[in-house]
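Notebook open, structure loaded. I wanted to look up how the pieces pack and where the open space is.

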Amino acid sequence: MAAPPKGALAKWEKVRSFALGLPGATEEFPWGETVVKVNKKIFVFLGVDDGSHPLGIGVKLKDEAMHAHALSCPGAEPSGYGLGKAGWVQIPLAVRGAPTADVLCDWVEESYRTIATKKLIAELEAR
């Protein structure tokens with residue numbers, strides 16, 4: 001099992017850290033994968049970072065422009081298990097032309113906003 005590429009791992013770690021810094025966010029490990037939740041609902045899938053699968057993230061993007069941009073990234077696709085129909089997109093991190101960590105964090109925040117309560121979003125905006 002190969003270690004993930006350093007650049008992709010650095011992006012993954014930045015996205016994870018950003019997600020966990022959002023109000024009310026908690027990390028859990030269902031199915032052996034890393035996810036970050038708010039209100040007991042997942043807002044970002046982080047998969048595994050042990051090299052057993054390519055590094056990537058899954059986010060829910062309701063904003064049409066963001067959703068289209070995410071799907072235009074190399075290797076990106078609607079998430080499986082029917083989640084794609086609800087706006088979830090799976091984005092690989094270790095491919096040439098993958099989005100920057102800052103763009104990924106914007107998408108994570110958008111995903112968070114679709115799931116978090118108004119009170120938590122107000123807390124985020126007050127920062």
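Predicted model: local features only at pLDDT ≥ 70, side-chain atom pairs only at ≥ 80, totals over all residues.

**Helices on a sheet**

I began with helix H3, residues 101-115, which lies across S2, S3, S4 and S6 and runs at about 40° to S4.

Six strands make an open sheet, ordered S1-S2-S3-S4-S6-S5, with antiparallel pairing. Which strands sit at the edges? They are S1 (26-28) and S5 (77-78), each of which pairs on one side only. Helix H1 (residues 6-20) packs on the sheet too, touching S1, S2 (34-38), S3 (41-47) and S4. I get about 165° between the direction of H1 and that of S3.

I zoomed in on one strand pair. S4 (residues 56-60) and S6 (residues 88-92) pair in the antiparallel sense, over five bridges. I looked up Ile57 there, and its bridge partner in S6 is Ile91.

**H3 against H4**

Back to H3, this time for its other neighbour. The axes of H3 and helix H4 (residues 118-125) come within 8 Å, crossing at roughly 145°. Which residues meet here? From H3 I listed Glu109, Tyr112 and Arg113; from H4, Leu120, Ile121, Leu124 and Glu125. Sorted by class, this contact has four nonpolar residues, three charged and no polar ones.

**Rings**

I ran the aromatic search over the whole structure and got three pairs. One of them is Phe43 with Tyr112, an edge-to-face pair at 5.1 Å centre to centre with 80° between the planes. I call this one edge-to-face because the cut-off for that label is over 60 degrees. The pair links distant parts of the chain: Phe43 is in strand S3 and Tyr112 in helix H3, 69 residues apart. Tyr112 had already turned up in my list of H3 residues that meet H4.

**The largest pocket**

Last stop, the open space. How much space lies in the largest pocket? I noted about 540 Å³. Its lining has 20 residues, and nearest the centre are Glu33, Phe45, Gly47, Tyr81 and Gln90. S3, S5 and S6 each give at least two residues to that lining. By class I have eleven nonpolar, seven polar and two charged lining residues.

Terms used:
Residues numbered from 1 in each chain as written. Heavy atoms only, no water. Pairing = 2+ DSSP bridges. Helix = DSSP H or I, 4+ residues; strand = E, 2+ residues; numbered from the N terminus. Contact = heavy atoms within 4.5 Å. Axes fitted to C-alpha atoms, helices over the stretch in contact; angles between N-to-C directions. 1 Å grid on protein atoms, 1.4 Å probe; cavity = no way out; pocket = protein on both sides within 12 Å on 5 of 7 lines; lining within 4 Å. Points joined across faces, edges and corners; volume = space filled by probe spheres on them. Nonpolar A, V, L, I, M, F, W, Y, C, P; charged D, E, K, R; others polar. Phe/Tyr/Trp six-rings, centres within 6.5 Å; stacked < 30°, edge-to-face > 60°.
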